[in-house]
Amino acid sequence: MSVVASQSTPARTDERSFSLSRFIPLGERIVGYGLLLFAAFATMAPFLWMVSTSLKADAEVFQFPPSFVPQGLEWQNYLDVIYLPDSGRQLVNSLVFALGSTISNLVFCSLAGYALARMQFRGKTIVFALVVGLLMVPAQSQIVPVFLIVQKIPFAGGNDWLGNSGTGLLNTYWGMILPTAATPFGIFLMRQFFTRIPIEYEESARLDGAKSFTIFWRILLPLARPAMAVLGVLSFQSAWNEFIWPLILTNSRDMATLQIGLQLLQSGPDARWNVVMAMATLITMPIIIVFLFAQRFVIDGAVTSGVKG
Amino acid sequence: MSSRSATVGPFNRTWGAYAFLAPALLILFLSLLLPAIATIGMSFTDISFLRPTNWVGLDNYFRLMADGRFQQAIGNTIYYTLGVTFPTMALGLLAAVALNRKFPFRIVFRTIFYLPVLTSLIAAAVVWVYLYEPYSGPVNGLFVSLGLGPQPWLSSPNLAMTALIIMAVWRDFGTAMIIYLAGLQDIPEEIYEAARLDGASKFSILWRITVPMLASVTFYLMIILIVQSFQVFGAIYVMTGGGPLGSTETIVFQMYQTAFGYTEFGYSAAMSTVLFFVILLFSLVGTKIMRRGEA
């Protein structure tokens, strides 16, 4: 959210920068640029090495010291990744997991956020306090009970009604998506957004006799597009990059995601660094490309709607 | 908030609201609330699914207190957390101050500094394993060309944790930068003008105005980084597997091994409970600070 927050007051930054630049002498500006360029290069270096190594031939990978610019362009490494026996399956798994998690977050968090922002009901304060409280529960330290709960879901994977005798939702998409399907952060984000929409939009519809769900679906949800974009991008990114839940909640090769696949490839007996780096490049690029496009969209949406998180 | 009508709705409106809330609340219950309660409950048992479960009272906690490996894991976790948190904040602040004015390519620099945050942990970890590779890796390539000897990085008990910390700082300082940039926008320009008129130097403006004005942001950021670093797992799993000689074994890594390697779920739950309360404490303090910052 802070990505958004930092962008929401561009006008003020501009004014300040103008007054500042008058005070900065040329020499200092050159030194400043130099330092920034160095920092940017140092930050980029791991990415550049990743791409460079991914294009090297087998023999070149073992040269020491390694050369930054590859001698030839060995595109075959990328084909090797694509033709790995499990990579297609892993791509499908990653996409199903990431899209499933994104869609369920968008649906469930916006419904709950709307109720908490706009509806009057008994126990509202308690529910909201619960959501805020759960923001603080460290998810990664709950790996053991979440594993057990996913295993014990009644009537799933051969379980009886008490959740025994089967494998529950382990090794299924439903099981992987469950721990990420709605987050306190997402609910909080949507609730904050809905709270800011003027009540007049709703009141005129209510006078016309519209029901809560109609108001939500026809009026508020279209207005909430910027917040939905932010939530969607963040949900997709975190599910695509997720490692611990797929690792714990699946153990068959068929259910491995790309992240697990990359880890298996790197730790495998016949790992070749150039092929490993090619796979790392292929996994990283979609998220970076989505961000480069979404950055603008997310920021524009945030500026026009005044979302701050 | 003020525009909300004050009356509490009739009974069926309450049901309507819960229909909106039900799916999300069910998921939060299953993925966060019930696990938190179950962890605490399980920590008083010897549950393993291989034999009947017994209630063992505080035995797991007594065992933890005497467990040298767990103490090493706590020490490692604290070392890692301190090593990541403070350099990350310092670099994030420097980057934010540098980028908090308008100049050509500002957005390009900001995007570059933010790229590591976007990279998946596993891809980043795999790339850094290569960078640290002792015989053909670029880090040793750089060391040799600078006239320094090659180092065994991830396979040396003395260097492995430092190597992990460097990677984590690289990955996290973009987050700190973005949060600091948001904080910097809230400092009124008049304060800077006044200081400049008084002839304050750039360094003293940074140290005496910017840093104190960012105090609540800094504290909030520190809590986020501490809570996150306390839970480090993926990087350790990929890069060192807890080795060499247990020098990079952290609490969550040991929890994972105890539960899924040795099937001692009860003992693992006791570790998790200790971690849970430590993190909760930090989060509560952080939330308090954040609230005060908003007010």
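Guide: A helix here is a DSSP run of H or I with at least four residues, a strand is a run of E with at least two, and both are numbered from the N terminus. The model is a predicted one. On that basis, chain A contains 16 helices and 0 strands. Of its 309 residues, 42% count as buried. When contacts in chain A between residues at least 6 apart in sequence are considered, 71% of them join residues at least 24 apart.

The largest nonpolar core comprises 161 residues, and Ala24(B), Val126(B) and Leu164(B) have the most contacts inside it. Helix H7 of chain B, residues 160-185, gives the most to this core, namely 18 residues.

H7(B) is also one partner in the helix pair. Helix H4 of chain B, residues 106-118, packs against H7(B) at an angle of about 120°, and the two axes are 7 Å apart. The crossing in which H4(B) passes H7(B) is left-handed. From H4(B), the residues that take part are Phe113(B), Tyr114(B), Pro116(B) and Val117(B); in H7(B) they meet Trp170(B), Arg171(B), Gly174(B), Thr175(B), Met177(B) and Ile178(B). By class, the residues of this contact are 7 nonpolar, 2 polar and 1 charged.

From this pair one may turn to the boundary between the chains. Ala24(B), already named for its contacts inside the core, is in contact with Phe108(A), Cys109(A), Leu111(A), Ala112(A), Ala182(A) and Ile187(A), once its neighbours within four places in sequence are left aside. The contact between the chains draws 80 residues from chain B and 80 residues from chain A. On the side of chain B that touches chain A, helix H1 of chain B, residues 11-42, gives the most, with 21 residues. That side of chain B divides into 55 nonpolar, 20 polar and 5 charged residues.

Notes:
Residues are numbered from 1 along each chain as its sequence is written. Chains are lettered from A and ligands numbered from 1 in the order in which they are written. This is a predicted model: local features need pLDDT of at least 70, side-chain atom pairs count only at pLDDT 80 or more; totals for chains, interfaces and linings use all residues. Two residues are in contact if their C-beta atoms, placed from the backbone, lie within 7 Å. Ala, Val, Leu, Ile, Met, Phe, Trp, Tyr, Cys and Pro count as nonpolar, Asp, Glu, Lys and Arg as charged, and the others, Gly among them, as polar. A nonpolar core is a set of buried Ala, Val, Leu, Ile, Met, Phe, Trp, Tyr and Cys residues joined through C-beta atoms within 7 Å. A residue is buried if 20 or more other C-beta atoms lie within 10 Å of its own, exposed if 12 or fewer, and partly exposed in between; C-beta atoms are placed from the backbone. Axes are lines fitted to C-alpha atoms, for helices over the stretch in contact, and angles run from 0 to 180 degrees between N-to-C directions. A crossing is left-handed if the near helix is turned anticlockwise from the far one by less than a right angle, and right-handed if clockwise.
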